[in-house]
Structure formats: C-alpha cells, structure tokens
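Keep the 3D view open as you read.

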Amino acid sequence: MPLCRLARRRALTKLTPAEVQSTFFNGSEFTASTPSGVKFKMTFTADGKVKRVPAGKGGAKSEGDWKLDDMGYCTTWKGGKPNCFTVVAGDKNKWSVMKGPAVIATWSK
C-alpha cells in the first residue's frame, strides 16, 4: 500500500458528539449519499428535527428527530425505531457515517 494511502487511513478520526452537532446539526443543508448511490439533501436543525429530501432518483422524503449520544448521534425517522451512528472524518469535506463497522452513508459539504 502506498505510504500516502496508509497515512490517509491513519488520519481518519471520529468526530465527538459536539463536533457532529457544530459541523452538521446547525440548520445548514448538506448531501448524504448511500453506498448504493442514492443521494439526499439533509437538514438537521438545532431543535432536534431532521429532514431528508431525495436529490435524484430513488430514496424517500422523510422527517424525524435527532439527539446526541456518547458515541455520536441517533435518529428516529417517522414510523421507525431509533438508530445510532458515529461520524468519521475522511477526505476533505467528506465524512463517513458508521453503524458499527459498516459505512451507511457519506456526508459532503
């Protein structure tokens, strides 16, 4: 493995719950992409609300609630159960949303 790729892998750091809140949960829209390529425009507001709107083909519009937890954050979409995630900084302006060891989305600004 080239040294630069190895160094980049080691540079990945998990955001603290406070960093997740200040970076993303401030009412500003950003893009979330699933591993299968479905894209959403996401907005997390300071009052604990979240909404997602498809930004192309596939996906469904939804609203729900968010809260911080010890490891990152949790969301509860309308009609769903709570799920908790961690956020890991990746390349410039890209973050991986993790559920355990699996990447469930990539956030970008």
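1. Start with Arg52, which lies over the face of Phe40, 5.3 Å from the ring centre. Here a charge sits over a ring if NZ of Lys or CZ of Arg is within 6 Å of the ring centre and within 35 degrees of the ring normal. Lys99 does likewise over the face of Phe85, at 5.6 Å from the ring centre.

2. A word on the basis: this is a predicted model, where local features need pLDDT of at least 70 and side-chain atom pairs count only at pLDDT 80 or more, while totals for chains, interfaces and linings use all residues. Residues are numbered from 1 along each chain as its sequence is written, and side-chain values use heavy atoms, leaving out hydrogens and water.

3. The whole structure holds 13 aromatic pairs (rings of Phe, Tyr and Trp, its six-membered ring, with centres within 6.5 Å; planes under 30 degrees apart are stacked, over 60 edge-to-face, the rest tilted). Phe24 and Trp107 form an edge-to-face pair, because their centres are 4.7 Å apart and their planes meet at 65°. Phe24 is in helix α2 and Trp107 in strand β9, 83 residues apart (helices, H or I, of at least four residues and strands, E, of at least two are DSSP runs, numbered from the N terminus).

4. Phe25 and Trp66 have ring centres 4.4 Å apart and planes at 55°, so this pair is tilted. Phe25 is buried at 2% relative accessible area (buried means under 20%, exposed over 50%, partly exposed in between, with a 1.4 Å probe and protein chains only). Trp66, at 9%, is buried too.
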